[in-house]
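Take a look at the chain below. We will start with one residue, then step back to the whole fold.

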Amino acid sequence: MATSLAIPASILAKAERQSLVPADTPWYRRTYRWGQTNITEEDPARYDTEWWREHWRRTRVQGVIVNAGGIVAYYPAADPLQHRAETLGQRDLLGEIVTAAHKDGLVVMARMDSNRAHEPMFRAHPDWFAMNSNRVPYRAAELYVTCIHSRYYEEYIPAVLREIIQRVHPEGFTDNSWSGLDRDSICYCETCARTFRDRCGAQLPRTKDWDDSNYRKWIDWNYARRLEIWDLNNRVTRSAGGPHCIWSGMLSGDIESESQRFRDLKAICARADIIMFDDQGRTNSSGFQSNGEMGKRMHGLLGWDKLIPESMAMYQRIPTFRKSSSPEPEARLWMLEGIAGGIQPWWHHVGAIQEDRRQFHTAEPVYRWHEANQRYLVNRQPIATVGVVWSQDNTEWYGRDQAESSTVLPYRGIINALIRSRIPHLPVHIDHVGREPGFPLMILPNIAVMSETQAEALKQHVSRGGSLIATGETSLYDERGSRRKDFALADVLGVHAEGERTRPGCGGPADHSYLRLSPDMGSGERHTVLRGLDETNIVGFGGTIQRVQAVSGTNVPLTYIPDFPVYPPETSWMREPRTTIPAVVLRQSVSRVAYLAADLDTRFARDNLPDHLLLLQNIVRWAVSENVPLQVTGRGFVDCHLYEQAGRLILHLVNLTSAGTWRAPVDELIPIGPLDVRVRVRQGLQVRTAKLLVAGGETSVSADGNWMTMRLPSILDHEVIVLE
Ligand SMILES: [Zn+2]
C-alpha cells in the first residue's frame, strides 16, 4: 500500500524521538518541513536527482511536492491526450523522483494542476471546457480552461489520480489550481446550462448582478461544486491509495481571493486533514505579519493539531523574477512569521536548475533551527484575550466587487493596530463566536453582513459580560447583503443608524476632515481612550462616518469635524469646527462596548497614522479592561505570538523592524533590544527556566504572582522564549 512503504523504521524512530510523534501518526500530521522544485517542461532533460537528494538532506525536509500530471504529465501517461512535458521523451521523471524520495524516507505529495489543458484535449472533448456567452472557449495563453462542472473533473482527473497512485504510490495529492473559473467569468457550456437548470431550476445568469436571484443561486451552486470536487477527489485517492492517501487542493489565506474562487474556507477546513497554503510572500500593504495572521486564522478553523504547510518563494516575488533569488532576509522573515503563526515551511524553487545559486542557501538555516525546535512549534494552543471576528460571507455579500476597501482594510487595520500595540489576539470566525467564550473582548471590523443567528451569539457574548468593539456598518446588512433599517446589534451598541455612511462636508477635499476630542484640553477630565493626546483638541481623520444616533447613557469622546479646503492656505480654516456628529460611542454596563462610527480601522490600514493607532489601542485597552496577558517594552516593530503547551508557555517574537518593512524587499536585518517582557502564566504553572531557542541558553526570570518578567538583550530576526 502506498501509505505504508514510505518511511523506513529508523527514520520514523528518529522523528518520533525528536517530536514525540506516536508511530501510527499519519504522514499529514507529522511532516513539518516541506520542499518543492516546481518542474518546468525543459527539466526532464536535465533534472539531477542526486543533487536534489543532497539538497533535501541539507534542508532537513520531511516531505516533497512533485509535479505529476494535469496540464503537463511528468511520466509516460497512458492517455496520449495528457500533454507530456516537452523534453520528457520516455523518461519517467515523476517515478524517479518519488522513488528517490521514498528511499530517503520522505513523504511525497503528487502535484496536479487540473485547471487547463492543451488544444488536442480541447479538440477531442470540447464539452469539458468553459465557454463564454458567445460560445467561445475561455483561453489562458495557448491553453484551454476546463469547466469544473464537466466530466473532465468527474472522469478524466480521477483516472489520472488513479494512474499516478498505481505507478508511484504518493502519500497524497495536492493541486495548484483546482477550482475552475473564478467569479468574474460565467461559463455557458452545455453542462453548466443543463446542470444549473436541473439543480437550481433557473437559467444561467446573463451577467453579474448581485441583486439578481439567479446570480445568487449561481454563486451558491458554484461554492457547492468546489466542495463536491474536494470530496470526489478524496474518495478517488483514498479508495485507490488507502485511507491516508488524501487529496488537498491548494488554498490561499486571502479571504477576498478565496471568495472570488468560490472556496468556502470554513467548509473546506471542516473536511481537510491538512491545508496546503499557496502564499509565496507579502505585499507592502499586507506585510510579513499577514503570514502569522493567516496561520492563526486557518488554525482557528482547522484546529491546532493539524498542519498548514505553506509554499514560500525562494525567488524574487514582487516584482516577480522566477529565476532570481529573493533577498535572503525577505524570504527569511516571511518564513519566520509563518512559523510563528503555526505554519510549516515549504521552500519553493521554479525550475530544476538555477543560474542564481544564492536561493539554495536561504532555507537551510531556518530549516535546521526548525528541526532542532520542532516540538515547540506544533501542537500548541494560542493564548489571547482579544478575538477579531472575520466572515467570508461579509467579504462575499457586502464586499462584492469592492471587498478590498470595504472588508479587507478594516480587518487589516485592526490586526495591525493590535500587533503594533503588542496585544495578543486571535481571528475568530463569526460562526464560532458562540463556541469561543474565552475571549473577554470581540472586535467586529465592519462586519456589515450578519445573520440573526450570528447577531444573537454576539448579544449573548455581551450579556455574559463580554466586551465588544464594532466599527462602521457592522450588522447593518442581512446574509445576502441587503441593508436593514437599523443595526441588528443596535441594542448592545447603544446606537441607531441614521442614514448612509458618508463624509459630511463643507466643500473641501473629502480627505481633509478631522475628529474633535471632547472635552477641550484643560476644561475637564477626558476619557481614558484619549490618553496620550493631552496636548491636542483634534486629530486628522479623512475617512467616512456612519451617521448614528447615540442612546442616552453613552459617552461620545470624539466628534466629527467636516472637511475644509487645503489650498490655498488662506482658505484653510474650519468652516464648522464643532458638530454633534458622533465618531466614537462608548457604553459601559456589565460589559464595555465601543462603536466606531469613524472608520479608524480602514484609515489606519491605509494611512498608518500614529494618532489613529493610539486611539485604536486605547479603545481596545479600555474595552478589555487592561486584561492583556503580555507586555513587551522596548523599541521596534515586533509581532508577538503567545502559546501554551502542557506545562509550558511559548512566546515567539518576530522582529519586523527594517528599512524594507513597508517597502519590500527587506535586504538587511536590523537588531533591536533590549526588550523587557512581562507575561502572565496560567495559575499553577511553576516556572523554573526561560529558555531562548534562538540566542541559546537561558535567561533569568523574576516572578510577581502569575507575572513573569525577563529581559532580552537583543533580537536580530526572531526569538522564542520557553517558560517551563
Ligand atoms: Zn461550464
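A residue is called buried when its relative accessible area is under 20%. Keep that cut-off in mind as we go. The model shown here is predicted.

Start with Ala340. Is this residue buried or exposed? Ala340 has a relative accessible area of 0%, so it counts as buried. Ala340 sits in helix 12, which covers residues 328-340. What does Ala340 touch, leaving aside residues up to four places away in sequence? The list is Arg380, His641, Tyr643, His652 and Val654. Now look at Leu653. Along the chain, Ala340 and Leu653 are 313 residues apart, yet 7.8 Å separates their C-alpha atoms.

Take the contacts between residues at least 6 apart in sequence: 76% of them join residues at least 24 apart. Burial can be counted for the chain as well. Of its 724 residues, 61% count as buried.

Next, the cores. The largest nonpolar core has 194 residues. Within this core, the residues with the most contacts are Trp56, Ile164, Ile275 and Leu493. Which helix gives the most to this core? Helix 8, residues 213-241, does, with ten residues. Zoom in on Ile275. Beyond residues up to four places away in sequence, Ile275 touches Ser248, Leu251, Ile268, Cys269, Met298, Leu302, Leu307, Ile308 and Pro309. There is also a second, separate core of 23 residues.

Now step back. The chain has 19 helices and 34 strands. Its radius of gyration is 27 Å, close to the 27 Å from the globule rule for 724 residues, so the chain is as compact as a globular protein of that length. The C-alpha trace spans about 85 × 65 × 50 Å along its principal axes.

What about the surface? The chain exposes about 27400 Å², and carbon and sulfur atoms supply 48% of that area. Charges come next. The chain has 83 positive and 87 negative charges, and their mean positions are 2 Å apart.

Follow the loop between strand 28 (648-655) and strand 29 (675-680), where Pro665 lies. The peptide bond joining Ala664 and Pro665 is cis, with omega about 0°. Pro674 is found in the loop between strand 28 and strand 29 too. The bond from Gly673 to Pro674 is also cis, and its omega is near 0°.

Finally, compare two arginines. Arg135 has a positive phi, near 65°, although it is not a glycine. Arg422 also has a positive phi and is not a glycine; its value is near 60°. Both lie in loops. Arg135 is in the loop between helix 5 (119-124) and strand 5 (139-140). Arg422 is in the loop between helix 15 (403-420) and strand 16 (425-429). Arg422 has 10%, so it counts as buried.

Notes
Residues numbered from 1 in each chain as written. Predicted model: local features only at pLDDT ≥ 70, side-chain atom pairs only at ≥ 80, totals over all residues. Heavy atoms only, no water. Core = buried A, V, L, I, M, F, W, Y, C linked by side-chain atoms within 4.5 Å. Buried < 20%, exposed > 50% of the residue type's maximum accessible area, 1.4 Å probe, protein only. Helix = DSSP H or I, 4+ residues; strand = E, 2+ residues; numbered from the N terminus. Contact = heavy atoms within 4.5 Å. Rg over C-alpha atoms; globule rule 2.2 N^0.38 Å. Areas by Shrake-Rupley, 256 points an atom, 1.4 Å probe, with all protein chains shown as cover. Lys, Arg positive; Asp, Glu negative; His and termini not counted. Charge placed at Lys NZ, Arg CZ, Asp CG, Glu CD.
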